[in-house]
Amino acid sequence: MAVRCELRLRRILPVISRKGAPDIKGLGKLRYVVEQTFALLHRCIRLAVRWERRLELHDAFVSLACGLICRRRLKKARS
């Protein structure tokens, strides 16, 4: 509840799309990007199941995976 109060103070409205609800303009595109990003990150088995106990190691692997995903995308876009 504290997080929602903080968001309201910053004038950020929570918008959650539910199945069967009328589409809110642009929300579907944002939701697709987020779900696709999680799917790409979970292709790296080490990130799908968190093995590292130390947060900085996990963050390093997430950064590395994001870099590899971006490199792969840019390589595809060039060809």
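The following questions and answers concern a predicted model.

Local features require pLDDT of at least 70 and side-chain atom pairs pLDDT 80 or more, whereas totals for chains, interfaces and linings use all residues. Residues are numbered from 1 along each chain as its sequence is written, and side-chain values use heavy atoms, leaving out hydrogens and water.

User: How many salt bridges does the protein contain?
Analyst: A salt bridge places a side-chain nitrogen of Lys or Arg within 4 Å of a carboxyl oxygen of Asp or Glu. Glu6 and Arg10 meet in this way at 3.2 Å, N to O, and Glu56 pairs with Arg54 at 2.8 Å between the closest N and O atoms. The count is two.

User: Is Arg10 buried or exposed?
Analyst: Buried means under 20% relative accessible area, exposed over 50% and partly exposed in between (1.4 Å probe, protein chains only). Glu6, its salt-bridge partner, is partly exposed at 37%. Arg10 has a relative accessible area of 58%, so Arg10 is exposed.

User: What share of the residues of the protein counts as buried?
Analyst: The secondary structure comprises four helices and zero strands. Of the 79 residues, the share that counts as buried is 10%.

Definitions and conventions:
Helices (H or I, at least four residues) and strands (E, at least two) are DSSP runs, numbered from the N terminus.
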